[in-house]
Amino acid sequence: MRHSKKIAPLAIVSVLAMVLAACSSGTSGGGAAASNLDARGPITYVQGKDNSNVIRPLVDKWNAAHPNEKVTFKEQSDNADQQHDDLVQHFQAKTGDYDVASVDVIWTAEFAAQGWLEPLKDSMTIDTAGFLPATVATGTYKDVLYAAPQTSDGGLLYYRKDLVPTPPTTWDEMMGMCSIAKANNIDCYAGQFAQYEGLTVNVAEAINTAGGTVVDKDGKPTVDTPQAKAGLNNLAQAYKDGNIPKQAVTYQEEQGRQSFEAGKLMFLRNWPYVYNLAKTDGSSTVKDTFGIAPLPGKDGPGASSLGGHNLAINATSKYKATAKDFLTFMTSAETEKFYATQGSLAPVRADLYADADLVKQLPYLPVLLTSIKNAVPRPVTPFYPAVTQAIQQNSFAAINGSKSVDQAMTDMQNAISTAVSK
Amino acid sequence: MSTHVEPDALPGRNASRRGGDNKGGKEVGADRKVKTQGRAAALLVAPTLIVLAVVILYPVINAIVMSFQQDQGLDAATGLFVSGGFAGFANYAHWLLQQCPTPSGTGTCPPGTLGAQFWSATGVTFFFTVVTVFFETILGFWMAVIMARTFRGRSVLRAAVLVPWAIPTAVTAKLWFFIFAFDGIVNTLFHSSILWTGSQGPARAAIIIADVWKTTPFMALLILAGLQMIPAEVYEAAKVDGASAWQRFRLITLPLVKPALMVAILFRVLDALRMYDLPAIMTGGANGTTTLSILVVDQIRVGFNSAAALSTITFLIIFIVAFIFVRFLGANAVDSASGRAKEKLK
């Protein structure tokens, strides 16, 4: 065995050499933006699972019209975290094999700050006039547009119109109606209050609705203001009073929907996807007795958090002129209508919400327009993962009463400022 | 292992031992034989060593190198990320001393940051490890003793016991997530209204129940293997000598099954120390169920280099625990296995 003893150090040395090589090549900078701007050729489009078969027909249509600039569609998994990690890996490798990517609204700032996205300015400028302003804001980082709005999403208030003929327009009004729920022996209001991303959405809505903000324009935290505190206090107080049922701290989207469809909940904050299910599900007991309204606010419609996806061009793409044309095609009014009819995906163009055909098919559109018009993007910051952690952990403690609202907001302020001061 | 290593304790030592035995008389011929044998052995082992170096040594060293780099920071003027440079032990201080960057320098990590969760995550990890392994050992032993008896349908029972272990952990976790939902089976069955995933105590209990359900069979089978190594004659002799059932268990079963038991416990402890899927799926790490592995994965999304430091710390913790087990509690998979094999051959 004498020989193997010599081989072991040899192997270690060769591995060390590999490590050093990997380290020295690991940090070389980018600077790929603003090159290949006029180049045309075949490109790749990436997005998560195409559940309702929207993308394939569109790509086929494009390919038929552009035989020399064919698009290959790469489909990722349906898990948002996996999509994020897959994009990060490919962008980091700087191979340019993902030319156009569908990016969740909350990732846009992070990818832009990494220099992975081609700024949509100068020759790459796209026409944003038709888009809803809030959706354009999600694609904007440091006053530069990095991604074009593709689909949107906003919160809606689902309510029992058999119990409450006129939906509440303000939070206080809604809390006042909870006695009706109590008289009928059902729960009053629920959103998504389990400790996960949905809680960030709901808390940001509460804070924005009360006139506060989570971060300012420069990404600095602003949750220690009286308005922000009042927002979180609304939720904490409602939970304490029992207006929000105690099991709501375990609710994600689906648990709340099931409770509402079973007739056990009077008001539900959820996304538009619930509309069709509540109308058609065999187990839904509220098919004909539910209505939709904008989220209740302070003295008018509340501020929804904005969901949806943006389209961005990889800074290391080889054929950016093609990528830009494809991006324009994928966000055109015609395509947007196809998203809405085929996939129930909310359009980002204002005029489509008044399209009679569309409204007939998707009756929630006018209400959703109000929601999106009043919507505020979740914190636009490259440190989003750390910021959402800070919001989730502290607001969860405040809602279930294990921390005072004041303390939670102080901690949240400190935690966000730690997260963004790197 | 004690200070003196038995030459034949490790299987790999056989070659040198044979060389030693041949000493005296035909030294030259024996030496050449050893040399060619040694060369052949080296050639045969080399690919394995290289593969091991690439898949184990490289990532470990790379992680350690990364852990001394600072996470990237934001250039205020351009809004772009810039690489952080050398960090020294800052990443380790971040976790172990709970130091976080604040606008005015460095301070204690505020609640809600990942940095503030290191010690609680360590506590949670050890809590889960101690409690689950405790229950799994006792239940596993009990199951193994029953399975070791001869009765009709024994093989069916053994196969049935394996079912929880055969289901992928992620599937198990999702299953228990539904079972412990507010409108789930447990609450319906017991007419209770416990928020299983809504507060700390119940959330931890739910994860412990799921883990015990899933891994007790593994424990039981390892202990069963140990029980079956004990010859029946020993029990017969003890019976003839008038030993009671409790005496037979305490003086024969326990000491003779101890090597297998310790290996089983060691495996489970190492497994439990890196527990990820059950809490990740059942609670998402909320309500005081964030283990070190969950913290590492959360941190990867925020910054790679601090995550590298955290996983290095986790690696060291697990290494130390394994070392203590092997050194002081006599749980040595290699030694006992080869020793046992030798016994059998005789």
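Author: Welcome! A residue counts as buried under 20% relative accessible area, as exposed over 50%, and as partly exposed in between. Please keep in mind that this is a predicted model.

Reader: Thanks! With that in hand, is A:Glu197 buried, exposed or partly exposed?

Author: The relative accessibility of A:Glu197 is 24%. The limits are 20% and 50%, so A:Glu197 counts as partly exposed.

Reader: Which residue forms a salt bridge with A:Glu197, and how many residues apart in sequence are the parts that the pair ties together?

Author: The partner is A:Arg378, with the closest N and O atoms 2.9 Å apart. A:Arg378 sits in the loop between α15 (365–373) and α16 of chain A, while A:Glu197 belongs to helix α8 (residues 197–209) of chain A, so the pair joins parts whose separation in sequence is 181 residues.

Reader: Is A:Arg378 itself buried or exposed?

Author: Its relative accessible area is 10%. The cut-off for burial is under 20%, so A:Arg378 is buried.

Reader: In the salt bridge of A:Arg56 with A:Asp50, which residue is buried?

Author: The closest N and O atoms of this pair are 3.9 Å apart. A:Arg56 has 38% relative accessibility and so counts as partly exposed. With a relative accessible area of 7%, the buried one is A:Asp50.

Reader: Let's turn to the two chains. About what area is buried between chain A and chain B?

Author: The contact involves 48 residues of chain A and 45 residues of chain B. Carbon and sulfur atoms give 66% of the area buried between chain A and chain B, and that area is about 4,100 Å².

Reader: Which side chain of chain A meets B:Arg301 in a salt bridge?

Author: Side chains of opposite charge can pair when their charged atoms come close. The count of salt bridges between chain A and chain B is two. In one of them, at 4.0 Å from N to O, B:Arg301 meets A:Asp81.

Reader: Which element gives the largest share of the side of chain A that touches chain B?

Author: Between chain A and chain B, seven residue pairs are in polar contact. On the chain A side, two or more residues each come from α1 (2–26), α3 (80–93), α4 (108–113), α16 (384–399) and α17 (405–420). The largest share, 11 residues, comes from α1(A).

Reader: Which elements are included in what covers the buried residues of α3(A)?

Author: The buried residues of α3(A) include A:His84, A:Leu87, A:Val88 and A:Phe91. Their cover includes these elements of chain A: β1 (43–47), β2 (71–75), β3 (100–104), α4 and β11 (306–313).

Reader: Finally, which residues of chain B are linked in a network of salt bridges?

Author: Over all chains, the whole structure holds 22 salt bridges. One of them joins B:Asp271 and B:Arg274 at 2.5 Å, N to O. B:Asp271 is partly exposed at 24% relative accessible area, and B:Arg274 is partly exposed at 48%. The network links B:Glu136, B:Asp211, B:Arg268, B:Asp271 and B:Arg274.

Notes
Residues numbered from 1 in each chain as written. Chains lettered and ligands numbered in written order. Predicted model: local features only at pLDDT ≥ 70, side-chain atom pairs only at ≥ 80, totals over all residues. Heavy atoms only, no water. Contact = heavy atoms within 4.5 Å. Buried area = accessible area lost by both parts, 1.4 Å probe. Polar contact = N/O pair within 3.5 Å; in protein donor to acceptor, adjacent residues only side chain to side chain. Helix = DSSP H or I, 4+ residues; strand = E, 2+ residues; numbered from the N terminus. Buried < 20%, exposed > 50% of the residue type's maximum accessible area, 1.4 Å probe, protein only.
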